[in-house]
Amino acid sequence: MTTRLSSAFPADRAALVCFVTAGDPDAASTPAILDALVEGGADVIELGMPFTDPMADGPAIQAANLRSLAAGTKTADILQIATGFRRRHPDVPLVLMGYANPMTRRGPEWFADACAQAGVDGVICVDIPVEEDASLGPALRAKGIAPIRLATPTTDAARLPAVLEGAGGFLYYVSVAGITGKQQAVQASIEEAVARLKASTDLPIAVGFGVRTPEQAAAIGRVADGVVVGSAIVEIVSEYGADAAGPVRDYVRTLADAIATARQTAAA
Amino acid sequence: MTNAAPKPNSYRNQPDAQGHFGPFGGRYVAETLMPLVLDLEKHYRAAQADPAFKAQFDDLLEHYVGRPSPLYYAERLTEELRMGAAPDKGAQIWFKRDELNHTGAHKINNCIGQILLAMRMGKTRIIAETGAGQHGVATATVCARFGLPCVIYMGATDVARQQPNVFRMKLLGAEVIPVTSGAATLKDAMNEGLRDWVANVHDTFYIIGTAAGPHPYPELVRDFQSVIGKEARAQMLSRINRLPDLLVAAIGGGSNALGLFHPFLDDDVKMLGVEAAGYGLDGNEHAASLLGGFPGILHGNKTYLLQDEDGQITEGHSISAGLDYPGIGPEHAWLKDMGRVEYTAITDDEALEGFQLLCRTEGIIPALEPAHAIAAVTKVAPTMDRDRIILANLCGRGDKDIFTVAEKLGVEM
């Protein structure tokens, strides 16, 4: 089945997946920042749902979560941001990323329905592993929303099939055992992991955690179907606040350009 | 003597194979941690089946912690409360004296169990979170005892208000890292502990301090703390040849209460868990997750949480730093919904009165956590007949709290 998400991963280059926290620095600023991601060349947008206790995130995204909540961002604002994005960008896939409690507070069916109405294509929930899929997965699948799963360096061969069961959209490979934005993985370990994952699934493999330079993005783009960049963009939003759209677009452009030619460079 | 194995319709055979207590509990952790959590469960099952593990645990509890802790009849407190009661009213009040343990609280029981498990798993580095510092001190203690490096995460706010315990941990060789993220209290310390764990999965064991977190932590912490209830049950039978009518214990995360309650769950014994009502349940300044919260997901488990309508976690407040956590162990959430345990809440002011009453009548300075249980006892004992027996858990001593109490009473130290 062709979806917005599956179409976002072209055959000849990696897709660029870009993350920002919704409502950072405030809900009114986020639409322009999302537009800047698209203008800069992002293929998939990950919109972070702020949470008071982002235990898988490093300092940059933690601070973004707190800025957003301090500005008064509500779940309703995030859904409205998504709805507006879908209207302006009918073909660009949008994924919500966040933690279980804000997603399930009003019940999984409520959340899945709200996502569907807002034009959200997939959901990444950091703290619902496959063992607890019943808390959200069935509701998402019933509404045609892709439950995007994470694989990590600790996900071994015995466990991988379970992680892939019921997964959709793409597989997010967290390349380091750690929190977001801290250190980057050794390229060889990424190549080995992507090869291992590709042998087990037809889903596109997007690699993230610690990716910040065009060189890193290109190197990962040579082997993976997608490159995820988050903390580096969030740091630009932190620096420029309500005026972040321009600098975000320029930065994302450097990543997109590097990824666009990465595979030719490798062949040359 | 111990009670019999749980029957199929028992309250003592939770959780299920997936770590669920009814709809609560579970393993809500990031994928990086999931294989670790599964590995921990495997090793815990092996330890449970190994008589050598139990023998080592029992030996350390006896000779290092100082168990069994006494079972004590609080004669003058009983008489004091009878003075305000109807002529035939005023239950007998007994205490399980876990404040006499090494390090001054029940926390050490669990730390002994978990560090033995860590060493079985070949882990070489220990981390923990702490609020008031009691769990941090207990963890630092067992790390010193077994020569393992120890990192304690503690909210910067708590570091400032619990200096004596910070110094104790440092004396014991632990590194204390103040956590400045979020509200800089216990829940933020737990977030930081999880962040450390996820980045150091290969060599690090996380000693969680209460009966919460991802499965199997709620189960294994309960099991290690159940020594409290097993001893108390045997001591009651041997001293007066009967079981108590009512058990009372304070609840933050809920480990001392579960430790006392669990061995009695299938007996004809009522139970009362006491949450912290802070400035009162009618406002937001309390830490009563069961009475004032809603089910949600945080720190690896589904349970009752203090949260807003969007699922954002709200800050708990209590005079007792050990109780102001916005969640509660998942087994308590289940016991509440099943109606097996009754839950109530006690305000800061009531706890202060309970604290002073025990000092005056029994010559025991309790921690502010069990002061909440004592305050609940002062309410319920005068309504019960004189031949009834209340057993309350005196889960910690008050040395750490004298500065807080002095400040509240307007005394300069």
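**Entry: two helices in chain A.** I began with helix α3 (residues 59-70) of chain A and helix α11 (residues 231-240) of chain A, whose axes come within 9 Å and cross at roughly 50°. I therefore noted α3(A) and α11(A) as oblique to each other. The model is predicted, so I keep that in mind for everything here. For the hand of the crossing, I found that α3(A) passes α11(A) in a left-handed way.

Which residues make the contact between α3(A) and α11(A)? On the α3(A) side I listed A60(A), I61(A), A63(A) and A64(A). On the α11(A) side I listed S231(A), V234(A), E235(A), V237(A) and S238(A). Sorted by class, the residues of this contact are six nonpolar, two polar and one charged.

**Entry: chain B against chain A.** Next I looked up how the chains touch, and found 28 residues of chain B in contact with 32 residues of chain A. On the chain B side, the elements that give two or more residues are β2, α1 (34-48), α8 and β11 (294-298). I marked α8(B) as the one with the largest share of that side, six residues. By class, the side of chain B that touches chain A has 13 nonpolar, ten polar and five charged residues.

**Entry: the domains of chain B.** I then turned to the division of chain B into domain 1 (21-63 + 107-221) and domain 2 (68-104 + 226-408). Taken over C-alpha atoms, the centres of domain 1 of chain B and domain 2 of chain B are 23 Å apart. Their contact takes 38 residues from domain 1 of chain B and 31 residues from domain 2 of chain B.

Which element gives the most to the side of domain 1 of chain B that touches domain 2 of chain B? I found β2(B), with five residues. The residues of that side divide into 19 nonpolar, 14 polar and five charged.

**Entry: one glycine.** Last, I picked G316(B), which I found in the loop between β12 (300-305) and α13 (330-338) of chain B. Is G316(B) buried or exposed? I counted 29 other C-beta atoms within 10 Å, and 20 or more are needed, so G316(B) is buried.

Leaving aside neighbours within four places in sequence, I listed the contacts of G316(B) as H286(B), A287(B), L306(B), D324(B), Y325(B) and P326(B). I also checked F264(B), 52 residues from G316(B) along the chain, and the C-alpha atoms of the two are separated by 30 Å.

Definitions and conventions:
Residues numbered from 1 in each chain as written. Chains lettered and ligands numbered in written order. Predicted model: local features only at pLDDT ≥ 70, side-chain atom pairs only at ≥ 80, totals over all residues. Domains from an automatic or database assignment. Contact = placed C-beta atoms within 7 Å. Helix = DSSP H or I, 4+ residues; strand = E, 2+ residues; numbered from the N terminus. Nonpolar A, V, L, I, M, F, W, Y, C, P; charged D, E, K, R; others polar. Axes fitted to C-alpha atoms, helices over the stretch in contact; angles between N-to-C directions. Parallel < 35°, antiparallel > 145°, perpendicular 65-115°, else oblique. Left-handed = near helix turned anticlockwise from the far one by under 90°. Buried ≥ 20, exposed ≤ 12 C-beta atoms within 10 Å, placed from the backbone.
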